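Colleague: I would like to learn how to read strand pairing and charged contacts in a model. Can we work through one together?

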Amino acid sequence: MRHRDTVIGLLAGLLVPLAHAADSDAPLRFEAAPGIGVQAEVAEDGSIAVQLLPSGKRLSLPGAPDVDGNSRLSAEDVDFDGRPELVARASVGMVNEAVAVYRYDPASGGFRALQAETHGRDNCGGLMGLTVDAATRTLTSSCRSGPMWYTDQYRFAGAKLYLYRAERVLMLGDTLNAALRWVPADEQGPSAVWRTFDPTGRVLESAIADGLGAPPDGPLRSQQATVVPARLFLFDRPGAPSTQRYLLQGDRVELLDEHEGWLKVRCRNPKSGAVVGWINVND
């Protein structure tokens, strides 16, 4: 392991370094734009001291300090434009990681914090535990609150970062088991409603699926279930007072959404096509 680390260190000295280990005392150096070098290090107060080269201009950024005022700095291409951003990471509590991302702004000659438009639908309140997927051009944020893990995903529309996909963990009681039966996978976590959004916050699709981790790229895939009672009434909307539609015992349905104890389901009928409606799992 020591030999491997030595080789990696020698290579890093020959190239423009893109990241430093958390315990490195050396400043982070990278090129933020053509001809604009950056040297950054964490100051004693937890802020990030930045010097632009060759101008020598100095900046101070808030960073992402942990309880001890420390941040781990790296340079990562977060916005997929071929140039790295300045990224600060810090431990928060036992398992969470706060992340701050700063993009170089040629117009001002400084850095701007990367902020996303979420319309109040995100779980983590920021880019917690950030991972960057260049293949799908997706940023994933994950955090833990109590016993539950939550995931938010972000994408860019031009220069704007927006909430692309988020989950809401289902909190339904035993009445759900009286209406529907499904067999979860061995490693499946609690069920959650996943929603995909456009840059304006409009819901493009929703599906109930595993809430333990982000779904794979592409259209959402719904959890499937089987109707338990002899008849299961199907309503046009949550809270509708009456209906003449119903599902029969053994019908297979896809779970699409949830609202105040009502589940949106879809049953694919070979004669009439897809039938969509809401079932009341409170009753």
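Colleague: In what order do the four strands of the open sheet run, and is the pairing parallel or antiparallel?

Modeller: First, a caution: this is a predicted model. The order is S1-S2-S3-S4, and the pairing is antiparallel.

Colleague: Which are the edge strands?

Modeller: Look for strands that pair on one side only. Here these are strand S1 (28-33) and strand S4 (58-61).

Colleague: What does the twist average from one strand to the next?

Modeller: It averages 30°.

Colleague: Over how many bridges do S1 and strand S2 pair?

Modeller: Five bridges, in the antiparallel sense, with S2 spanning residues 36-42. Phe30 has Val38 in S2 as its bridge partner.

Colleague: Which residue meets Arg155 in a salt bridge?

Modeller: Asp217, at 2.6 Å from N to O. This pair links distant parts of the chain, 62 residues apart. Arg155 sits in strand S12 (residues 148-157). Asp217 is in the loop between strand S16 (203-210) and strand S17 (224-227).

Colleague: Is Arg155 buried or exposed?

Modeller: Buried means under 20% relative accessible area. Arg155 has 18%, so Arg155 is buried. Exposed means over 50%. Asp217 has 51%, so Asp217 is exposed.

Colleague: What about Arg195 and Asp257: what is the N to O distance in their salt bridge?

Modeller: Again 2.6 Å. Arg195 lies in strand S15 (residues 191-197) and Asp257 in strand S20 (residues 252-259), so the pair ties together parts 62 residues apart in sequence. Check accessibility as before. Arg195 is at 18% and therefore counts as buried. Asp257 is at 12%, so Asp257 counts as buried too.

Colleague: How far apart are the closest N and O atoms of Arg245 and Asp236?

Modeller: They are 3.1 Å apart, and the two residues form a salt bridge. Arg245 has a relative accessible area of 30%, so Arg245 is partly exposed. Asp236, with 60%, is exposed.

Colleague: Which residues do salt bridges with shared partners join into one network?

Modeller: Trace the shared partners. Arg72, Glu76, Arg89 and Glu97 are joined this way.

Technical notes:
Residues are numbered from 1 along each chain as its sequence is written. This is a predicted model: local features need pLDDT of at least 70, side-chain atom pairs count only at pLDDT 80 or more; totals for chains, interfaces and linings use all residues. Side-chain values use heavy atoms; hydrogens and water are left out. A salt bridge is a side-chain nitrogen of Lys or Arg within 4 Å of a carboxyl oxygen of Asp or Glu. Helices (H or I, at least four residues) and strands (E, at least two) are DSSP runs, numbered from the N terminus. Buried means under 20% relative accessible area, exposed over 50%, partly exposed in between (1.4 Å probe, protein chains only). Two strands pair if DSSP finds at least two bridges between them. Axes are lines fitted to C-alpha atoms, for helices over the stretch in contact, and angles run from 0 to 180 degrees between N-to-C directions.
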